[in-house]
Amino acid sequence: MRIGIYFRKRIDHLIRIAQNIATFVTTSGSEVLIAPEIQDVFPQYPVYRNQEPKQKPDLLLSLGGDGTFLHAAQFALMEDIPIIGINFGFTGFLTNIEKEEVFQSLELILNGKYAIESNSSLRASIQRNGELVKSYACLNDFVLQKDPIEKILSVEVYLGSQKIASFRGDGMIISTPSGSTAYSLSAGGPVVDPQCKVFILTPLCSHKLSGRSLIVPENEKIFINVLTKGDKTRFIQDGTTEFIIKDLDRISIQRHHRSLKMIVLQEKNFYHTLNQKFQWGF
């Protein structure tokens with residue numbers, strides 16, 4: 001088995017833990033591949049890549065918090081490989097292993113004692129003057145957001161060919177059920193079980209009393225027409241990458257043809273995590 005290792009923060013204790021994990025994996029008879037971003041830290045290990053010559057792991061370990069997991073998930077989604085996160089961050093809602101459980105969890109993984117859950121993802125296309133200028137994929141959410149010093153942002157939202165809303169405000173969050181516990185939750189959106197086949201549209205600081213979240217079926221295609229005179233409106237992918245939106249750009253969002261394969265150990269289901277991390281129901 002080939003185990004990929006990814007982390008972002010170059011802090012001593014995380015580097016030491018990553019080295020201990022790599023040693024544990026190789027001692028167990030498996031192979032370690034590391035992310036290109038940390039090749040200089042661990043030059044003794046080969047690098048995983050999605051460019052020729054391709055070399056990809058059988059599964060990917062993300063060491064960090066939810067932000068690190070979302071970075072690592074981009075590779076896992078594109079290469080259709082399972083991923084699991086080890087929490088060295090704060091909330092760690094997307095991670096399945098706590099730092100005190102690392103090596104016992106690795107032993108379970110190396111022995112194939114795990115399950116895989118499929119989590120819906122989104123893909124977005126941005127058109128300008130009728131031409132495709134950018135496309136993205138995400139696990140949690142896409143965020144359309146104006147700059148703080150820009151004027152109010154106006155958007156028109158369509159579900160297929162039907163116009164369903166017009167909003168004026170700071171922007172909008174389009175999230176998956178997995179993303180319902182992230183930025184959308186902070187903006188007043190609902191918590192949605194990842195097994196639900198839906199997307200959530202949550203306005204940001206809507207300038208109307210009726211501006212509330214809307215849940216739509218995931219088999220629908222969402223179109224957003226952007227009406228802005230500024231030049232600093234951002235389209236943000238999973239909080240990791242941004243693209244500057246211009247007036248009259250058209251954004252289309254739909255379910256990605258791939259779901260993210262997330263490794264699950266033991267009995268840590270969605271509601272267990274919801275109670276543990278957010279004290280929901282207590």
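**Salt bridges and a helix pair**

Arg234 and Asp147 form a salt bridge, their closest N and O atoms being 3.1 Å apart; a salt bridge here is a side-chain nitrogen of Lys or Arg within 4 Å of a carboxyl oxygen of Asp or Glu. Arg234 lies in strand β16 (residues 233-237) and Asp147 in the loop between β9 (141-145) and β10 (153-159), so the pair ties together parts 87 residues apart in sequence. The model is predicted: local features need pLDDT of at least 70 and side-chain atom pairs count only at pLDDT 80 or more, while totals for chains, interfaces and linings use all residues. Residues are numbered from 1 along each chain as its sequence is written, and side-chain values use heavy atoms, with hydrogens and water left out.

Asp147 is buried, with a relative accessible area of 10%, and Arg234 is partly exposed at 22% (buried means under 20%, exposed over 50%, partly exposed in between, with a 1.4 Å probe and protein chains only). Arg234 also forms a salt bridge with Glu242, with the closest N and O atoms 3.2 Å apart. Through shared partners, salt bridges join Asp147, Arg234 and Glu242 into one network.

Another salt bridge joins the side chains of Asp40 and Arg10 (2.8 Å, N to O). Asp40 sits in the loop between β2 (31-34) and β3 (59-64), and Arg10 in the loop between β1 (2-7) and α1, 30 residues apart. Helices (H or I, at least four residues) and strands (E, at least two) are DSSP runs, numbered from the N terminus. Asp40 is exposed, at 54% relative accessibility, whereas Arg10 is partly exposed at 42%. The count comes to 9 salt bridges.
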